[in-house]
Each structure stands twice: as C-alpha cells, then as structure tokens.
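Subject: Structure handover

Hello,

Here is the structure I promised to pass on. My notes follow below it.

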Amino acid sequence: MLDATSHYWPYIFLVLSVIVGAVAAAHAAMTKEDVRSAAGWVGLVIFSPLLGAFIYMVAGINRIRHAALATRRAGRRTFEKQSSEHALGREQIAAQFGRQFRALNILGDTVTRFFMTTGNSITLLEDGDCAYAEICTAIDQAQSSILLESYIFDCDEIGRRVADHLLSAEKRGVEVRVLIDAVGARYSVPSIVNYLSERGLQARTFNGNVIMGLRLPYANLRTHRKIIVIDGVLAFTGGMNIRQSFTTEFAGDEAGLDTHFRVTGPAVADLHAVAAEDWHFASGEQLEPVIFNAPDDDMPLPTYVRVVSSGPDASLETNHKMLIGAFSVAHSHIRIMSPYFIPDRELVSALVTAARRGVRIDVVVPLENNLRLVDLAMTAQFDQVLKHGCRIWRVAGTFNHSKLLTIDGHWSYVGSSNLDPRSLRLNFEVDLEILDNDFAAMIEMRIDAAIACSREVKLVDLDRRSFPLRLLEKLIWLGSPYL
C-alpha cells in the first residue's frame, strides 16, 4: 500500500498544489481592492502554489471578521443616537471654521461610525512621566469600571506600577478589564497578561495567545489602539504604550518622547464602544454601552471631537480616507509629525497636489529611529514628496513616537495611527478628529518646537549618498507594508 502511494505522490502533490493555489489566488483576486496588491499575490501563488498560499494565509489576508461585529450591528443605532444628541451642526462648523471643514465633516459622517460631538474637553499630556501619573491617579479614583486596551503594556517598573494600581482597584470592587495585543504582549518576558491573570484580574490578549501563538490566518493583524476608559466618564488615548522607556524616572535623558490625551465628554462613550467591541472579540463578553449625560449646570465645552476607529474589518482604511479628505481641503498649511512616515501612493498624491496648490507642508520625523528597517524604507520614499515642494525635517535628540497632524490652524488629527501601510491597512487604530483653534495652536507649537531642533532633508543630499545605500533603502521599501 505504501509502495503504491509513494509511486503516486508526485501526482498527489501536483493536484494539491493546483487546488490550494487556485483557492488562494481566487481569494486574493476577489478580496483585494488594489490591483497592484491583487496582482502581486496572485503572481506569488502562481509562481509557488503551496508556499505562496501559506505566505498569503499568514500575511496577505487583511480582513478579519470580528465576533464583535454582531455587537456593532446591534448596538450601532444606540451609539449613533447617543452621539447625535451632542452632534455638531454642519452650518455651525461652516460659520465657525470655514466651508472646507463643513465638507470634511460630511466625509467623516459618511466613512466613520461616530458623529463629531460638542461638549468635550481634551488635555494634552506631554510625556510619559505626566501621562502615567495621570493614569494612575484616575485609576485610584475609579468607582465602578476600568476598560484598558493597549498594543504594548510591558512588565517593567512602570508596567507593574500601573498593573498594581489596577489590582488595587479590582480589590475595592471596581470591574477591571485589560486587553493587550498578542504581539505587543511579547515585548516583555514575563508578560503583563500573566502578571495580572495570576492575581485574579480579567486580562486577555487580542488575536492570539502569549504562549500558544497567534491566531491564523490573521496573525499579521494587531490592535494598535491605546484606550483607557474609567467609569464611562474619563478616557485616555493617543500614541503612548505603557513602558518605562518613555519616562525620565527610569530612562533618564534617554527617555523617548510621546504625546497622550485625557478626554471627557461624549467622545468617551465612543472610545468605550471601540474598546468594548475589541474586548467582546477577545473574551466573548458583551459590555453595556456607556451613555453620556451632560451636566445640567455646565455650559457645553468648546472642543469638537470625533472618534475615528479603523482596522481590517468593516472600518478598513477609515483613517486613510479621513487623511485624504483633510489634505484635499487644506488652504494654507499642513503640519505632520510621525515616527514612521511611509505614505502610500494615494496619500503622496494628495500631499503633493496640496503642495502644488500652494499649501505649505511640513513633515517631521525622528533623526534616529527605533526601527532601523522602517527608517530605511522611510528614507527611500522622501524624494517622492520633496521634489514637489513638501519639506521634511529630521528631529535630533531622543526618539519621538508622537502622531500629530494639523491643518490651517483649525483641524487636528491625533491618536495611534502612523502614516505607514501597517497603520492604514493592517492594524486596528483609534484617532481623534478635533476642531478647536486653541488645541490646534497647541499641537502646532509642539511640532514647531521639534522643527526648531531639526535638520531639513534636501534632495541634493539624498542624491549624494552611495548607490548601494540607496538601493538597500529601495529594497527594504518594497517590504514596507509588513514592517
């Protein structure tokens, strides 16, 4: 029997290769919206059916079907009705900020889940020392619930400090839930998930397990969101993970820089809705939505905020669409700060088109990046924007992880999204769209301070570098969607 089977195994292998390759190629052709991506994956599968199909299964499938989508469908009307009670009128936006932002508001209402709401307040937390202190204080004051979601939550000195505050809150009767990405949970050993779980706190990993591995075929998809919601009335969000390397207390002068935000108002309910769906996906537990009740004796606060959630599910490329729209309505200037600036062709076109219209565009990136391969890929693409009038600045000093963007001194976009393919297509992200002149001025001051410590990148300097280095950058850039 074995001899007969061994005689036919080449034919069995051939048939298996054809079937597996055909299925993978058909899936790529039917689900990929970008023709270049579809052609690339189909070509890989045709060239090597079994290996290509395996690589496609692990790295090419960029849509995940949340178990929480059922919650989204069932609860979306509740969330939208709640948000609409505090929604900002379009004509009010036009009168206060200009008609271009009315158009951008229409886009946001169309492509995102939530309305832009009034009655919010947002406080900038300028570094890790400030942010972690505020977070620990808020945890200590929690009375009923804490929901925390983060990409990285290290089991270091700061991580254990925050964890111990969470454990203390749990002991006094607060319902505490912690969700950490399965990839991010591996950044420190032992994992903070085990540290919390062993002490009785509800802690889960997103899209995989710390020990047994990631969930296939979605191993390349991660939650990059940073959300903490306390008692349904206070939230923290932005770009900051929980790590001691972003504090001068433990890292001293080598501490990395980042920007985080403290939020109150109806936007908190929307942030909770995003984190609650991710928790449902990871744990199966469905949480009740937060209902925002404005205080009767307080005037609505002036900061207008929309929560923008995006990821490889029903909200695929939402952040990408918002950025394209924002670049398209800019009149005078666009300021961008990002640690990883690798925009796709559509974003590059939007930026250079704005520059050709006379919009002043400044892009600020670190001089020394924490990810060498990303830095090479990023540098390979600089010429695409520089030759059309955009300016790029490389900030000296310690690594800055902030993701900040302003347009015309009115509109700001801050949160967890980088301007790279991973954030725009593969990661689950959450950002805040903010209309507030004072807030935009504060963000611009932060960006301008970075520019003051920067060196401007010039095309002539890029061209003078050695050919082997420029070739290496281009080769790394080809793999930038998966860095």
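Does Asp231 count as buried, partly exposed or exposed? Asp231 counts as partly exposed, because its relative accessibility is 22%. Here buried means under 20% relative accessible area, exposed over 50%, and partly exposed in between, with a 1.4 Å probe and protein chains only.

First, the ground rules. This is a predicted model, with residues numbered from 1 along each chain as its sequence is written. Local features need pLDDT of at least 70 and side-chain atom pairs count only at pLDDT 80 or more, while totals for chains, interfaces and linings use all residues; side-chain values use heavy atoms, with hydrogens and water left out.

Backbone

Asp231 has a positive phi of about 60 degrees, although it is not a glycine. Asp231 sits in the loop between β8 (227-230) and β9 (234-238). Helices (H or I, at least four residues) and strands (E, at least two) are DSSP runs, numbered from the N terminus.

Asp408 also has a positive phi, of about 55 degrees, and is not a glycine. Its loop runs between β15 (404-407) and β16 (411-415). Asp408 is buried, because its relative accessible area is 10%.

The peptide bond from Val189 to Pro190 is cis, with omega near 0 degrees. Pro190 lies in the loop between β3 (175-181) and α9 (192-197). For context, most residues other than glycine have a negative phi, and most peptide bonds are trans.

Cores

The largest nonpolar core has 49 residues. A nonpolar core is a set of buried Ala, Val, Leu, Ile, Met, Phe, Trp, Tyr and Cys residues joined through side-chain atoms within 4.5 Å. Phe327, Ile334, Phe341, Ile361, Phe382, Ile407 and Trp411 touch the most other members. Helix α13 (residues 345-356) gives the largest share of this core, 7 residues.

Leaving aside residues up to four places away in sequence, Phe327 touches residues including Ile334, Leu347, Leu351, Arg357 and Ile407. Contact means heavy atoms within 4.5 Å.

A second, separate core holds 38 residues, among them Ala267, Val268, Phe428 and Phe439.

Pocket lining

The lining of the second largest pocket divides into 12 nonpolar, 10 polar and 5 charged residues. Nonpolar covers Ala, Val, Leu, Ile, Met, Phe, Trp, Tyr, Cys and Pro; charged covers Asp, Glu, Lys and Arg; the others, Gly among them, are polar. A pocket is an open set of points on a 1 Å grid over the protein atoms alone, where a 1.4 Å probe fits, with protein on both sides within 12 Å along at least five of seven lines; lining residues have an atom within 4 Å of a point.

Best wishes
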